[in-house]
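Visitor: I am new to this structure. Please describe one part of it closely, and show how that part sits in the whole.

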Amino acid sequence: MPAIEIRPDIYWIGVNDRTTDLFEGMWPITEEGVSYNSYLILDEKKALIDITRNTQEANLLAQLQGRLDCHELDYIVVNHMEPDHTGALRVLRSLAPQATILCSAKAQAMLKDYYGITDNVQVVADGETLSLGKHQLQFHMIPFVHWPETMATYETTEKVLFSCDAFGGYGALRGSIFDDQAVDLAHYEREALRYYVNIVARFSQPTLNAIKKLGGIEIAVVAPSHGLIWRRDTKRIIELYRQWALLATNQPDPGVTLIYGSMYGNTEAMMNAVAQGISRAGVPVEIFNAARTHASYILPSVWTHSGVMIGAPTYEVGLFTPMAEQLRYIIEKRISNRKAAFFGSYGWSGGALKTAKQLVEPLKWEWVETLEFQGRATLEQLAEGEAFGYRFAESLKPQQGVIPQ
Ligand SMILES: Cc1cc2nc3c(=O)[nH]c(=O)nc-3n(C[C@H](O)[C@H](O)[C@H](O)COP(=O)(O)O)c2cc1C
Ligand SMILES: [Fe+2]
Ligand SMILES: [Fe+2]
């Protein structure tokens, strides 16, 4: 999509990336894609805000050159040094050496480390403003959303917040760039949650700090560097981010993420019985196969539900490897504050439960109940599993329910 004017003199000149399979080299986006939103302000002084990754430099240059000659650019605002926003900087610098890079003090050091850039860099301070003519830029440090050097840039005339990673999401833009034009807003919100949990979740406290800090600013447009631009309902994406950030410490709504793995179907049969019990209790349940689903898609469920149910067989006196891997992702994201239950089949020694408990020990989960069985579950054991699922689901409700006869 060629440049789109989002406010007088302010253009989106972003790039849709539909060829990168893994964001940050690890999170799948093959189906969804991602956008790197860059912005251009054409005033007396001309400023580019945020760049793009190295593989997209040709596309960004085409966007930019559709509006001005590189020699006319006065400023390049680097809100965040992560290479998804700066990879194309080396080429851009050689085409526009006259453009002064505006960034935080921490980003200045990183510019040298990543790109060997030391000259024509101007450090901006928190709250500092810079006039482009009719438009003014104001810089707000938002450390650790997502890196220590990160800042947001606010355009004071039109009240546009260029928030960089904050309020961003996965998903290439599907032909429209604004929230009010998005036909499937739920898709973007789902992908924003997945992005939040994959990329930002460890920095939930800095996110809350940033939201508080930016709270005093009147915002007409939220223009992040990934995903939709919000102008009809700017409060919506800020509130979603606030709610998600709060879940780092607060208990989420009742609901179960049921992650299971099974080599020969014994644990899977029990999983179906357990799921029946959870459903009978009327509690939402999301079911994932640990070996087939990337953690990227499971983590958002774990983040937003109060209960985690682990179903896995014993494998070499330990936990079924794909499950251990899923737990490692959950540990990495520090998803504590959850109620948990375990079930699984074993052949002779067992060991899956012990390993699972040891693994997630740092998260201090409350283990409500566990259910191990040998080989294939009998009908009686499956009925036990159903009741086990029911009890676990009930334990998540605000008031403990009673098991009907
Ligand atoms: C490669 C492999 C390693 C296993 N290692 C153990 C083990 O160390 N201890 C144990 O009790 N069972 C072990 N088992 C047996 C499984 O835990 C058992 O067959 C269980 O019923 C499998 O459940 P599933 O059908 O859900 O995969 C192993 C099975 C396989 C295939
Ligand atoms: Fe980032
Ligand atoms: Fe980013």
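Guide: The centres of domain 1 and domain 2, taken over C-alpha atoms, are 39 Å apart. The bounds, which come from an automatic or database domain assignment, are 4-246 for domain 1 and 253-393 for domain 2. Eight residues from domain 1 and eight residues from domain 2 make the contact, where two residues are in contact if their C-beta atoms, placed from the backbone, lie within 7 Å. On the side of domain 1 that touches domain 2, strand S5 (27-28) and helix H5 each supply at least two residues, and H5 gives the most, with four residues.

This is a predicted model, in which local features need pLDDT of at least 70 and side-chain atom pairs count only at pLDDT 80 or more, while totals for chains, interfaces and linings use all residues. Residues are numbered from 1 along each chain as its sequence is written, and chains are lettered from A and ligands numbered from 1 in the order in which they are written.

Of its 405 residues, 47% count as buried, that is, with 20 or more other C-beta atoms within 10 Å of their own C-beta atom, placed from the backbone (12 or fewer is exposed, and in between is partly exposed).

Now to the helix itself. H8 covers residues 266-280. Its 15 residues should span 21 Å at 1.5 Å a residue, and its end C-alpha atoms are 22 Å apart, which agrees; the expected span is 1.5 Å times one less than the number of residues. After H8 comes Gly282, whose phi is positive, near 75°.

The buried residues of H8 are Thr267, Met270, Met271, Ala273, Val274, Ala275, Gly277 and Ile278. They pack against strand S17, strand S18 (285-289), strand S19, strand S22 and helix H12. H12 (residues 379-396) in turn has buried residues, including Phe388, Tyr390 and Phe392, and its buried residues pack against S17 (253-260), H8, S19 (305-311), S22 and strand S23 (366-374).

Val274 and Ile278 are also among the residues with the most contacts inside the largest nonpolar core, which has 125 residues. Such a core is a set of buried Ala, Val, Leu, Ile, Met, Phe, Trp, Tyr and Cys residues joined through C-beta atoms within 7 Å. The largest share of this core, eight residues, comes from H5 (residues 185-200). Both domain 1 and domain 2 give residues to this core, so it lies between them.

H8 also takes part in the shell of 20 residues around ligand 1, each with its C-beta atom, placed from the backbone, within 6 Å of it. The closest are Met263, Asn266, Thr267, Pro313 and Gly347. H8, strand S20 (314-315) and S22 (339-346) each supply at least two residues of this shell, and the largest share, three residues, comes from H8. By class there are seven nonpolar, eleven polar and two charged residues, where Ala, Val, Leu, Ile, Met, Phe, Trp, Tyr, Cys and Pro count as nonpolar, Asp, Glu, Lys and Arg as charged, and the others, Gly among them, as polar.
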